Amino acid sequence: MTAPALQRPLFWYRTLLCLLSPIVFLFTLREIYRRQGGWQYLRERYGFYRHSNINAIWIHAASVGEWQAAKPLVKIIQQQHPQQHILITTNTATAARLVKTHPAYGMTLSHAFCPLDYPRAIKRFLKNFQPRCALMMETELWPNLFGAIKQANIPLAILNARLSACSINLQHAIQKIAVMNVDKIYARADAEAERYLALGVAAEKIQIMGNLKFSLHLEKNYPNFIPERTYYLAASTHAGEERIIVDAWRHLTPRPLLVIAPRHPERRHDISRELKEFNIAVRSQKDIITEQTDIYLADTLGELMALYAHSDLVIVGGSFVNIGGHNILEPAALSKTIITGPYMQNFSEELTLLKNQQAIFQVSALQLPTLLQEIYAQPQNVATTGQRAQQCCQSYTHIAEHYYQQLKHDQLVN
């Protein structure tokens, strides 16, 4: 599609943005209420900032998953360029709080909320920060933002690039408008590279690099918050999943402690009400775990890896309801036995890798009780599943270094 042919969809995109401005504003207010982003969230999404770090490497990680994928690369950049400042932008307050737990936060790493795709908000952001390069994680394709970055002569690349098949003509055209301003696309797989080629991106701009999420940033020693009990972990659960998992777990005799770490901690009250027949301890309330505690509600941020590390089994949420699943590589790297539900479309590549090595269990909600019974009765027979999962991850730990070397070669990081 030629540049003149893109003017009409760009016009309709911008018109739609203007018409939807009141709704976008209401959604922004909802994020303040639901995720506790505060008024800072509202200000910065509209491009008003009270801090700046000129000439930083700008990495945009929209949400929690993108930030987790970016962390190994951030670590390498910090090791190789200890004086270089890195600006992380996110779209969500949940991801922002995790960024602020990074050891370098406040020193060589800072955070801001990414502006909405409104020209004036973007102009204020770029004037305030003046980044030396823009590295977008995965699927963030914003026509106005990318156009402004190009106009400002800031090198622009997409890292761990993925692109879903798109059948909506307007959306397809909007993607074309965005990518025509990109200098480099580092695709995570052949299929993603093919989709960008189909959008009209020149082949010399695309390089297949592998999935950055395979290069996990693992600590040597994670604290054990629950030394008194062995436990099963239900991680990153969504509404409707807690009941599915609890109904499968409750038939185990004797029952291990069940730790529930909801994807959105603000759901703590809804979960407690739904499971009120059980003895529940809540982490944010500093409740003590006793022998009588059935469920421990881990409603805090930044502690999921520590919970993974000391669990006996991990059930990954977002997969028993149609969310698309969550990251299975983190528990895999820690040699955990992992169970997912049927809805794992957002992590199909990772799932296929582990399934091919018989390193994960995928079942329906109806099959979950039987599988838990089998695992509980013969834990020694499934321990090798976790070992195989860890071996899969270890064979890909070089990918972050590969990304760094390519970014350095392309003079995006130097």
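Biologist: Over the ring of which residue does the charged end of Arg124 sit?

Modeller: This is a predicted model. In it, the charged end of Arg124 lies 4.1 Å from the centre of a ring. That ring belongs to Phe48.

Biologist: And over which ring does the charged end of Arg255 sit?

Modeller: Here the distance from the charged end of Arg255 to the ring centre is 4.8 Å. The ring is that of Trp249.

Biologist: How many aromatic pairs does the structure hold, and what is the geometry of Tyr49 and Phe129?

Modeller: The structure has 10 aromatic pairs. In the pair of Tyr49 and Phe129, the centres are 5.1 Å apart and the planes make 75 degrees. Planes over 60 degrees apart count as edge-to-face, so this pair is edge-to-face.

Biologist: How many residues apart in the chain are Tyr49 and Phe129?

Modeller: Tyr49 is in the loop between helix H3 (38-45) and strand E1 (57-60). Phe129 belongs to helix H6 (residues 119-129). The pair therefore links distant parts of the chain, and the separation is 80 residues.

Biologist: Are Tyr49 and Phe129 buried or exposed?

Modeller: Buried means under 20% relative accessible area. Tyr49 has 12% and Phe129 has 0%. Because both values fall under that cut-off, Tyr49 and Phe129 are buried.

Biologist: Which residues do ring pairs link into a cluster with Tyr49 and Phe129?

Modeller: The cluster is held together by ring pairs and includes Tyr49 and Phe129.

Biologist: Why do the buried residues of H17 line one face of the helix, and within what arc do they fall?

Modeller: In helix H17 (residues 399-409), the buried residues are Ile399, Ala400, Tyr403, Tyr404, Gln406 and Leu407. What covers them includes helix H4 (64-80) and strand E4 (133-137). They line one face because, seen down the axis of H17, they fall within an arc of 165 degrees.

Note on methods
Residues are numbered from 1 along each chain as its sequence is written. This is a predicted model: local features need pLDDT of at least 70, side-chain atom pairs count only at pLDDT 80 or more; totals for chains, interfaces and linings use all residues. Side-chain values use heavy atoms; hydrogens and water are left out. Rings of Phe, Tyr and Trp (its six-membered ring) pair if their centres lie within 6.5 Å; planes under 30 degrees apart count as stacked, over 60 as edge-to-face and the rest as tilted. Helices (H or I, at least four residues) and strands (E, at least two) are DSSP runs, numbered from the N terminus. Buried means under 20% relative accessible area, exposed over 50%, partly exposed in between (1.4 Å probe, protein chains only). A charge sits over a ring if NZ of Lys or CZ of Arg is within 6 Å of the ring centre and within 35 degrees of the ring normal. The arc is that of the directions from the helix axis to the C-beta atoms. Contact means heavy atoms within 4.5 Å.
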